[in-house]
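Trainee: I'd like to learn how to read a structure like this one, feature by feature. Could we go through it together?

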Amino acid sequence: MSLEDAFADGPAFVPYLAAGDPDYESSLKYVEALERGGADVIELGLPFSEPIAEGPTIQNAVVRSLEGGMTPTRFFEFVEDLDVSVPLVCMTYYNLIYRYGDESEAQRASNTSGETVSNGPRPFVEKAAEVGIEGFVVPDLPAEEADPLREACDEFGLDLVFIVAPTTRGERLDRIMEQVSGYVYVQARLGTTGAQSSVSDQTGSSLERLTDYDVPKAVGFGISSGDHAERIVASGADGIIVGSALVDIVAEGHENGDDAETVADRLETLARELKDGAVAGASQRPPHPERT
Amino acid sequence: MSADGKFGDYGGQYVPEALMPAIEELNDAYERYVLDNEDGFMDDFRARLRDFGGRPTPLQRADRLSERYDREVYLKREDLLHGGAHKLNNALGQVLLAKYMGKERIIAETGAGQHGTATAMACAHLDMPCEIYMGERDINRQRPNVFRMKLNGSEVNPVTVGRGTLKEAISETMRDWATNVEDTHYVIGSVVGPHPFPSMVRDFQSVISEEARTQAREKLGRLPDAVVACAGGGSNTMGAFAEFVDDEETALYAVEAGGSTLEVDEEAGVAPNSASLTTGTEGILHGARTRLLQDRDGQIMESHSVSSGLDYAGVGPELAHLVDTGRVTAVNVDDDEALTAFHRLSQMEGIIPALESAHAFGYLESVAGPDAPDSEEADGLGEYVVVNVSGRGDKDLESAIEETYERDIDIAPNMDEFTGGL
């Protein structure tokens, strides 16, 4: 199923977890629980050592996952081992995409100069396509620097999701919307990722600026309850993205030493609450928002 | 440099979308105020560097070093700039620019604390509220600088993630900026980060080479054969080199921190050095493509240096480009050599240098000292050498005591009475 199709039947619930948090086997169970809870798309984080767009919750997830031995190679194995049927989006930072496979073993062995031969993002995208990933979100890659990744995604039929921030306007918005595919990630408020106790009022005006663009709009940053999900979808979002609130459950389970099945059940429960909230929000929307 | 801030393949703008409008706004302000001197910005900046900063700094002949190395050794005395390091050139420029842009709040990261201190001073001078992010580990090894920042009225926010050094402090400052981007300017401390920072910081620091070039002409009647500067992120390096880049007869040496060894422990994710020009590979960190200390997957490694101001896993993109093109020669000096040079300059010239700057003198000793092999490297330095004394060493006294005590440095004073610290 393509990403855009995942948004076709009502509002999409898009949960995020860091792959391998806190360990490989538990993480497989956690991601699979998200699908049982009603996920339409799953964003899987490949952890990078310098996650500049993340708040403390996901920074800690990144540390746990890296300490658990996650690497790009292990990440692709993880995706192959996952038993889920919804589309998967890889969320990571550009250096990991850029560096992957950029030197063959033979090149490495014959290379004594300290220089490396870079092949750009293509090998990573090729491998992602091979294991069944449908798209990417790369928080430190603005549209200005995205051409090489966009080209590789086009070559292998993958989507490239861009983030639109509350500060994004005018020409910048047009430039992003020319490049985006799959869905657009609407950043609900300024700052870094992290669960919030209330919904940002920047969301409505962000969605308004995007009305004229014909691509699904998924809102993320700070959503933590079914009630948030409902209000955001009611205000016009085509989907909701939830990360930190789910990662909190993983972190708490890890700290308390809870068994993986119990943690997976909690994830499934919150996932269902969020999905139900999104569906309830959709019923409050005008059937066909007028476009001018 | 091209219009999009690329130096060859290096540079660029790899930052979250939320920051891009602020970076575009900054680029516009950089072009208008810095490049075109709109509203007399550069005149204002230069006047403040003179009256508040104490510029110009001298170009001083180092008599005993000249004798020791059998050539004319001149010191560019950035240690005499207000605050005790070259850092004020950039901090004052950026805080003033933020003022011209109508920003209301300043944030900055700091490693050794020199940039934080300079930013705090500039903010007090220009009446701007200021918050500094500093790794917890650096806070512990640079307490006097933490106090100085607080004396100047800045808040110091400890960064506890990772190993708590400069790399983590930069990431955390970027997060603050992404949250408060509309009224806040991020005063980045080196020639790193997304465009226009590498170019803008170089332009503010290039006063070093501008003065040194004129002073050399006046004092020597000629340009130096070589300029030597230490390199961490590379701001004093680019400042000392910028105006000499087109003078092809002047060789440029960037001296990196070789740390304890250039060997890398990939398993542990640790590079026990900060020599990204010497051993690094191409990648993307903190907004720019450059040379980095990273493992084969692209995870950034923990760097190390006896000098916390050089302790960073990346380097400015323009400097990386100048090394690739052969215009700048990257060399390195290890912790022991740097510490020995710290003692030597203190004893022979009466100048206690920052441990960062000591690396530049360590290089001189290693190629031209009495124990150096007769090498072509020494010939490369030529007859007239300018060494940039990027900062003074007062901030490093506690680490110098500790590190000297742990090592067997024959020219050091008897350390027994200092085992308990200062």
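Trainee: Let me start with one residue: does B:Asp70 count as buried or exposed?

Mentor: The general idea is a set of cut-offs on relative accessible area: buried is under 20%, exposed is over 50%, and partly exposed is in between, with a 1.4 Å probe and protein chains only. B:Asp70 has 64% relative accessibility and so counts as exposed. Before we go on, keep in mind that this is a predicted model, where local features need pLDDT of at least 70, side-chain atom pairs count only at pLDDT 80 or more, and totals for chains, interfaces and linings use all residues. Residues are numbered from 1 along each chain as its sequence is written, chains are lettered from A and ligands numbered from 1 in the order in which they are written, and side-chain values use heavy atoms, with hydrogens and water left out.

Trainee: Good. What is the phi of B:Asp70, and where is the residue found?

Mentor: Its phi is near 55 degrees, a positive value in a residue other than glycine. To place it, we use helices (H or I, at least four residues) and strands (E, at least two), which are DSSP runs numbered from the N terminus. B:Asp70 sits in the loop between helix H3 (63-69) and strand E4 (72-77) of chain B. B:Asp127 also has a positive phi, of about 55 degrees, although it is not a glycine. Its place is the loop between helix H5 (114-126) and strand E6 (130-135) of chain B, and at 63% relative accessibility B:Asp127 counts as exposed.

Trainee: Which peptide bonds here are cis?

Mentor: The bond from A:Asp21 to A:Pro22 is cis, with omega near -5 degrees, and A:Pro22 lies in the loop between strand E1 (12-18) and helix H2 (24-36) of chain A. In chain B, the bond from B:Arg55 to B:Pro56 is cis, with omega near 0 degrees. B:Pro56 belongs to the loop between helix H2 (41-51) and strand E3 (59-61) of that chain.

Trainee: Now the whole chain. How many helices and strands does chain B have, and why is it called as compact as a globular protein of its length?

Mentor: Chain B comes to 17 helices and 14 strands. Its radius of gyration is 20 Å, close to the 22 Å that the globule rule gives for 422 residues, so chain B is as compact as a globular protein of that length. That radius is taken over C-alpha atoms, and the rule is 2.2 Å times the number of residues to the power 0.38. Along its principal axes the C-alpha trace spans about 55 × 50 × 45 Å, and 66% of the 422 residues are buried.

Trainee: And how does chain A read in the same terms?

Mentor: Chain A has 13 helices and eight strands. With a radius of gyration of 19 Å, close to the 19 Å from the globule rule for 292 residues, it is as compact as a globular protein of that length. Its C-alpha trace spans about 65 × 50 × 30 Å along the principal axes, and 60% of the 292 residues count as buried.

Trainee: What does A:Val31 touch?

Mentor: A contact means heavy atoms within 4.5 Å. Not counting residues up to four places away in sequence, A:Val31 touches A:Leu17, A:Ile42, A:Leu44, A:Phe78, A:Leu82 and A:Val84. It is found in helix H2 of chain A and is buried, with a relative accessible area of 0%. The C-alpha atoms of A:Val31 and A:Ala264 are separated by 8.2 Å, although the two are 233 residues apart along the chain.

Trainee: Last one: which annotation covers B:Lys87?

Mentor: An unreviewed UniProt entry gives "modified residue: N6-(pyridoxal phosphate)lysine" for B:Lys87. UniProt positions are given in the numbering used here, feature names are shortened, and annotations may be inferred rather than shown by experiment. In the model, B:Lys87 lies in helix H4 (residues 87-101) of chain B and is buried, at 16% relative accessible area. Leaving out residues up to four places away in sequence, B:Lys87 touches B:Gln114, B:His115, B:Ala118, B:Gly189, B:Gln205 and B:Ser235.
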